[in-house]
Amino acid sequence: MRRLSFLIKPASSRCNLRCRYCFYEDVSDKREKKSYGVMSDETAEKLIRAACEESGKGGELHFAFQGGEPTLAGLDFFRRFVLSAENCAQGRQRVSFSIQTNGTLLDDAWAAFFKEKRLLVGLSVDGDRGLHDLNRVDANGKGSWSDAVRALRCLQKYEVDVNLLCVVTGSCARHPQQVYGALKRLGVRYLQFIPCLDPIGEERGREKFSLTPEAYGSFLCRLFDAWYDDWKNGRYCSIRQFDDYVHLLTGGEVSACTASGHCGRYLVVEADGGLYPCDFYVLDPWRLGTVGEEPLASVIGGQTERRFLAEGERRPDGCRDCRWFPICRGGCKRDWIQREGETVNYFCAAYRAFFAHSITRLQEIAAAELEYAGR
């Protein structure tokens, strides 16, 4: 009996937008093969059967779809995939699904399907129209804000569960309350804020969209102030990162691998069935195997994944002696850089500033959570 999570790229790196900061465009450019096309039904069946077998009776399976833009695989692909997974599980495993999308292709048919099958939808929205359209553009350079909001209204009409995901760029970081307020006004109370990534192997902070540690630290502090004010006044809004910090203080579980202190919470599945240990490392050297060619157990416990996990366990120099380590956990290894012969988290200064700014109030919220749970 196991709990397994898969992040599936049904349309590989294909996307109908050209977001200026897209990390997967950068990742796929560095592979021998940039795009693996659309996942075949045969590959999907192999994945589903292998997942059910490895999870075992009483296990849990979660299939998340991402891209590129996953909806380019077509609605019929998702209908067949979900039906096949439900039939394979047949009550032996609990199966759930989610999707992260730019929303531009969504319509009533998609929304009705998401509602029927209870898919959690993550919709990418970078704050208000001006900030969103600055980077989230199509092939002609046209902003996608209107399409994203249209998709959201359609999802809300069908009462689909929706999270909003905002990529924090340098421009976004200068307007935390503006961004927070804009997302709340869209009528969603489950938000994620993800710091943008610079291209792999390049010096951090050189791109127009780059996020510096100083800007990120200021953003987190000011965003937290607004979030705490909402909590204090009975207007709670979920921000995944802050929720995870509270859960760590209460001894609970966290949802993001960056807060867990280790990698390996899921497997990425590319459209050709290739398996990888992390969404940020879907690169040829980190290919673990191919669905259907070997049992998942041998992939999960294989030499390449063990090496990847071991690298993620090392933590940057100085972390273990830092007062914030029990709650920071060293962050994501994609942000670890070499500086003066040491491994450091690029955003270390941001996290130090944030925790010093917020710890008393985080502890206050954690204490309230524990008190409520004990009633």
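# Close-up views of a predicted model

**View 1. The ten-stranded sheet.** An open sheet of 10 strands, with mixed pairing, runs in the order β7-β6-β5-β4-β3-β2-β1-β8-β9-β10. Its edge strands are β7 and β10 (289-290), each of which pairs on one side only. Helix α3 (residues 75-89) packs on this sheet and touches β1 (3-8), β2 (60-65) and β3 (94-101). The direction of α3 makes about 160 degrees with that of β3. Helix α6 (residues 145-157) also packs on the sheet, where it touches β4 (120-124) and β5. The direction of α6 makes about 160 degrees with that of β4. The model is predicted.

View 2. Strands of a sheet pair through backbone hydrogen bonds, in either the parallel or the antiparallel sense. Strand β5 (residues 162-168) and strand β6 (residues 190-195) run parallel and are joined by 5 bridges. In this pair, Cys 166 stands opposite Phe 193 of β6. Strand β6 also pairs with strand β7 (residues 238-239), again in the parallel sense, over 2 bridges. Here Tyr 190 stands opposite Ser 238 of β7.

**View 3. Strands β8 and β9.** Strand β8 (residues 267-269) and strand β9 (residues 274-276) run antiparallel, with 2 bridges joining them. Val 268 stands opposite Tyr 276, which belongs to β9.

**View 4. Helix α10 and its cover.** In helix α10 (residues 240-250), the buried residues are Gln 241, Phe 242, Asp 243, Asp 244, Tyr 245, Val 246 and Leu 248. Gly 251 follows α10 and has a positive phi, near 85 degrees.

**View 5. The buried side of helix α13.** Glu 305, Phe 308 and Gly 312 are buried in helix α13 (residues 303-313). Because these residues cover an arc of only 60 degrees around the axis, they lie on the same side of α13. An α-helix has 3.6 residues a turn, so residues three or four places apart point the same way. The buried residues of α13 pack against β8, α12 (296-300) and β11 (336-339). Arg 315 follows α13 and has a positive phi, near 70 degrees.

**View 6. The loop between β2 and α3.** Gly 67 and Gly 68 are joined by a cis peptide bond, with omega at about 5 degrees. Gly 68 lies in the loop that runs between β2 and α3.

View 7. Ser 12 is not a glycine, yet its phi is positive, at about 55 degrees. Ser 12 is placed in the loop between β1 and α1 (23-29). With a relative accessible area of 0%, Ser 12 is buried. Arg 118 likewise has a positive phi in a residue other than glycine, near 60 degrees. Its place is in the loop between α4 (108-117) and β4. Arg 118 counts as exposed, at 72% relative accessibility, the cut-off for exposed being over 50%.

**View 8. Glu 25 and Pro 199.** Glu 25 is part of helix α1. At 36% relative accessibility, Glu 25 counts as partly exposed. Glu 25 and Pro 199 lie 174 residues apart in sequence, while their C-alpha atoms are 9.4 Å apart in space.

**View 9. The whole chain, for orientation.** The secondary structure of the chain consists of 15 helices and 12 strands. The C-alpha atoms fill a box of roughly 50 × 50 × 45 Å along the principal axes. Buried residues account for 55% of the 375 residues. Of the contacts between residues at least 6 apart in sequence, 69% join residues at least 24 apart. The chain exposes about 17,300 Å², of which carbon and sulfur atoms supply 47%.

Key:
Residues numbered from 1 in each chain as written. Predicted model: local features only at pLDDT ≥ 70, side-chain atom pairs only at ≥ 80, totals over all residues. Heavy atoms only, no water. Pairing = 2+ DSSP bridges. Helix = DSSP H or I, 4+ residues; strand = E, 2+ residues; numbered from the N terminus. Contact = heavy atoms within 4.5 Å. Axes fitted to C-alpha atoms, helices over the stretch in contact; angles between N-to-C directions. Buried < 20%, exposed > 50% of the residue type's maximum accessible area, 1.4 Å probe, protein only. Arc of directions from axis to C-beta. Areas by Shrake-Rupley, 256 points an atom, 1.4 Å probe, with all protein chains shown as cover.
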